[in-house]
Amino acid sequence: MAARVLNVNVGVLGHIDSGKTALARALSTTGSTAAFDRAPQSRARGITLDLGFSCLRTALPPQLGPGPGELQLTLVDCPGHASLIRTIIGGAQIIDLMMLVIDVTKGMQTQSAECLVIGQIACQKMVVVLNKIDLLPEGKRQSAIEKMTKKMQKTLENTKFSGCPIVAVAAKPGGPEAPESENPLGISELIEVLKSQAYLPSRDPSGHFLMAVDHCFSIKGQGTVMTGTILSGSVSLGDNVEIPALKVTKRVKSMQMFHTPVTYAMQGDRVGVCVTQFDPKLLERGLICTPDSLHTIHAAIISLKKIQYFRGALQTKAKFHITVGHETVMGRVMFFGPAPANFNEEIQENVFDFEKDYLYQEEYLSKDSVSSEENKENDQAGEVQLPKQQWALLEFEKPVTCPKLCLVIGSKLDTDIHANTCRLAFHGVLLQGMEDKNYTETFLPKLKVYKQKHKEGQVERVMDDYSVIGRSLFKKETNIQIFVGLKVKLSTGEDGIIDGGFGQSGKFKIRIPDGLKPDTKMLLTAASKKKSKGGKGDMTKEDESSKNDSAQPVTISLIFKRYVFDTQKKMIQS
């Protein structure tokens with residue numbers, strides 16, 4: 001019986017030129033087809049353009065169970081170049097343990113911070129590697145390492161990686177041009193730390209097969225090989241797999257894991273799958289799956305959280321780069337939350353309730369957002385009331401193929417890469433995808449997001465004890481008929497109902513079912529007498545003072561809500 005091999009995916013992330021590829025090379029024993037900057041563009045530019053993979057096999061550490069076996073650490077070398085952040089986000093979804101590589105002479109840089117943010121969203125454990133210690137003068141090396149270690153501990157204090165191991169190494173002493181005979185420093189210590197941090201990731205072979213393909217190439221006489229990591233389910237020889245982006249189904253002819261033929265692979269495994277009669281140029285990267293198990297969607301509802309390092313507000317109608325599954329597309333957002341009365345209600349995780357009403361938001365509400373000013377008035381203590389959960393409707397510029405409940409990241413990747421700011425804006429979970437191209441007609445009307453409307457006008461005069469004439473609530477051209485029957489409230493306390501238009505200038509009649517209070521009647525009669533007193537001609541002093549006296553007119557308040565996606569634009573009052 002073959003010894004058990006446990007695969008743990010280790011992401012190697014960090015700023016450009018922090019030495020990630022050299023570190024992966026120093027650690028690994030077996031390079032895969034994608035490893036070590038083999039792509040011609042990568043070699044020419046001297047940077048990693050795509051996810052590189054290689055592996056390191058070592059004895060199974062004691063915390064991972066008794067018996068013989070091997071621990072396979074699959075190293076995923078993520079590009080550090082800022083414009084390639086979409087590739088990193090794609091890679092982070094398959095990582096169990098992250099190595100954040102820091103150039104010890106430079107410390108945290110913009111992309112190191114972005115990688116840290118991605119790690120917080122997508123990974124459970126992290127090891128910090130301080131690389132290039134050979135560049136520190138030997139006499140001061142130890143103190144410089146200690147100083148940088150303290151600095152990193154401080155940076156990580158308020159993250160979920162607080163207290164994580166920090167290891168100092170020189171992956172390639174002397175730099176890229178140095179002879180291969182130069183031995184790397186600190187690598188065996190790093191391997192021990194990685195072994196101590198390895199854990200049994202929860203792997204589940206059941207459910208639909210889904211694999212993130214990151215390379216596709218042909219082998220003469222064999223067919224086309226797609227290499228990647230299995231995100232869910234399992235695959236066996238002879239299975240049919242679908243390439244959903246192309247709507248093509250192929251049969252698995254053979255499989256390999258790091259140059260070893262296998263007949264079966266499951267969630268978390270890194271595998272090469274060979275199929276025939278398929279042009280590798282058609283699929284650079286993407287997803288393959290059990291036929292008909294993925295959907296292609298045009299829009300989605302997600303639950304989301306703002307990334308704390310993102311500066312600026314997240315505004316409705318803004319466009320973001322949306323990374324979902326393994327694709328990054330442009331999308332427009334609309335934020336919404338629970339009605340204010342339900343801010344503290346417990347929300348069921350990963351489920352969206354179409355029965356509930358939701359309040360439209362001009363932006364995502366956070367402690368520093370402008371809209372939360374309104375909440376301050378409601379809360380005497382000055383404590384800002386924020387909802388426990390907020391959602392967004394994402395509308396994609398082109399359809400995307402992805403699994404349900406997958407990770408979604410919104411970023412502003414068009415921000416200047418040299419600006420010292422975090423470009424990742426929010427992250428969330430895809431709760432509901434819309435597959436119908438005409439979702440605006442077929443699906444959105446089910447989404448009960450409303451806007452609260454508040455209009456104010458004034459009472460112009462009394463008609464009788466049970467009715468008044470109002471003005472300034474509607475424009476002259478408004479069709480008042482659609483407002484007939486809506487309830488209004490006078491500033492003096494009476495409830496009224498809009499009865500219809502009055503004349504041509506936007507005035508209207510209000511019926512007061514319980515009648516006007518005597519005080520109100522007196523107030524209104526006095527006001528209208530004063531108005532009629534001032535004759536024609538120039539304004540007298542008396543008119544001036546009467547104008548000031550009636551500066552407190554009786555106002556009319558009309559409050560209703562309108563559902564954003566209601567085609568009939570009905571006005572609803574509770």
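Leaving out neighbours within four places in sequence, Ser254 is in contact with Leu237, Gly272, Val273 and Cys274 (contact means heavy atoms within 4.5 Å). Keep in mind that this is a predicted model: local features need pLDDT of at least 70, side-chain atom pairs count only at pLDDT 80 or more, and totals for chains, interfaces and linings use all residues. Residues are numbered from 1 along each chain as its sequence is written, and side-chain values use heavy atoms, with hydrogens and water left out.

**Around Ser254**

- Ser254 sits in strand β13 (residues 254-257); helices (H or I, at least four residues) and strands (E, at least two) are DSSP runs, numbered from the N terminus.
- Ser254 is partly exposed, with a relative accessible area of 27% (buried is under 20%, exposed over 50%, partly exposed in between, using a 1.4 Å probe and protein chains only).
- Val225 is 29 residues away from Ser254 along the chain, and their C-alpha atoms are separated by 9.0 Å.

**Helices α1 and α6**

- The axes of α1 (residues 20-27) and α6 (residues 187-197) come within 10 Å and cross at roughly 85°; axes are lines fitted to C-alpha atoms, for helices over the stretch in contact, and angles run from 0 to 180 degrees between N-to-C directions.
- That makes α1 and α6 roughly perpendicular to each other, a label for angles of 65 to 115 degrees.
- On the α1 side, Leu23, Ala26 and Leu27 meet Ile187, Leu190, Ile191 and Leu194 of α6.
- The residues of this contact split into seven nonpolar, no polar and no charged (Ala, Val, Leu, Ile, Met, Phe, Trp, Tyr, Cys and Pro count as nonpolar, Asp, Glu, Lys and Arg as charged, and the others, Gly among them, as polar).

**Helix α4**

- Helix α4 (residues 110-122) has 13 residues and spans 19 Å from first C-alpha to last, close to the 18 Å expected at 1.5 Å a residue; the expected span is 1.5 Å times one less than the number of residues.
- Eleven of the 13 residues of α4 are buried, so this helix is largely enclosed by the rest of the structure.
- Among those buried residues are Gln111, Glu114 and Cys115.

**Strand β20 and its partners**

- Strand β20 (residues 327-338) is mostly covered, with nine of its twelve residues buried.
- β20 pairs antiparallel with β19 (residues 319-324) over six bridges (strands pair if DSSP finds at least two bridges between them), and Ile322 stands opposite Val329 in β20.
- Six bridges also join β20 to β22 (residues 390-402), again antiparallel.
- With β21 (residues 358-361), β20 pairs antiparallel over four bridges.
- Phe336 stands opposite Trp391 in β22 and opposite Tyr360 in β21.

Notes:
Angles under 35 degrees count as roughly parallel, over 145 as roughly antiparallel, 65 to 115 as roughly perpendicular and the rest as oblique.
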